[in-house]
Amino acid sequence: MGQCLPAWPLLLLPVLFLASKMPRVDSDLKLDFKDVLFRPKRSSLKSRSEVDLQRTFTFRNSKQTYTGIPIIAANMDTTGTFEMAQVLSKHTLFTTIHKHYSVEDWKNFAANHPECLEHVAASSGSGNADLEKLCAILEAVPALKYICLDVANGYSEYFVEFVKTVRGKFPKHTIMAGNVVTGEMVEELILSGADIIKVGIGPGSVCTTRIKTGVGYPQLSAVIECADSAHGLKGHIISDGGCSCPGDVAKAFGAGADFVMMGGMLAGHDQCSGEVIEKNGKMYKLFYGMSSDTAMKKYVGGVAEYRASEGRTVEVPYRGDVENTIRDVLGGLRSTCTYVGAAKLKELSRRTTFIRVTQQSNQMFT
């Protein structure tokens, strides 16, 4: 005589089916730069001047070797300028040049400032016209070694295929690609041919993606998780966005970033594009996101009907020569290293213990 199966598993099937359709909530704690401070540790360093900020990397896919201080000016059209590159390269800092310069502009820059080419990248979107222009630039400036493939949403299958296409055309160039915020996508882009992955969705000071779309990821946690994934494949990452002070730059490196990209912190300087504006006796320069109304009106005639602007336009106080800001950032970074006992920037992440905080600083006199 056969045994009857209990009926209760069958009764649960509709519940399990419904559960599979429900949104998932990841309840693990995710942190931003403002949520932590470095825990100081014993140090044998006598002075900040002893700290070595230079890094040397050999990239997984291009096999090229880079040496420099791994801080990058963002490829926004106000900060990713040839003028910015001229100053930053003197300090061995890097500039991702924005994609709106012409091939002729690139030729002139390369002819007049060949010493800068070790520390600049040509930027490109993922369209056919973008690829044609990128090919023309790299053909016109053969000494250029770096490519920055920059889209707002690095999770697109089309973008992954575009990275593969660019790698196929330029097997010896170092490719930066992004933006993403999760380890699995970092791995996919590296395996598709990228060397350095840009990490960050929505943390930028003039980015409104999180407001318009509800999409994003706290930057400190994104860097920690993405660095772990990249380094497992001998890849590298850039922490792109979210830094408002030198301490945030140090936190990004402490979290495992190989490079840190800055936009707003470099805005408002002589080397940024745009005129100085005088208003109520004070001087300003415009700074805006590349998905803002301002940028889209400037380059494509306006915001397309099917999309929303995901950037804001702000007037930032005019700040003079960027040299002063560079010294401030590098000085802060050296000081961080002395507090945690890192003689080299390379050692900072190994010497880092973050503590969670509810307050960063006393704001009484700001």
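Tutor: Let us start with helix α4, whose buried residues are Leu131, Leu134, Ile137 and Leu138; buried means under 20% relative accessible area and exposed over 50%, with partly exposed in between (1.4 Å probe, protein chains only). This is a predicted model, in which local features need pLDDT of at least 70 and side-chain atom pairs count only at pLDDT 80 or more, while totals for chains, interfaces and linings use all residues. Residues are numbered from 1 along each chain as its sequence is written, and side-chain values use heavy atoms, leaving out hydrogens and water.

Student: Why is Thr174 called buried?

Tutor: Its relative accessible area is 0%, and therefore Thr174 is buried.

Student: What joins the side chains of Thr174 and Ser62?

Tutor: A polar contact of 2.8 Å joins them, the term being used for a pair of N or O atoms within 3.5 Å, where, within protein, one must be able to donate a hydrogen and the other to accept it, and residues adjacent in sequence count only if both atoms are side-chain atoms.

Student: Where is Thr174 placed?

Tutor: Thr174 belongs to strand β8, which covers residues 174–180; strands (E, at least two residues) and helices (H or I, at least four) are DSSP runs, numbered from the N terminus.
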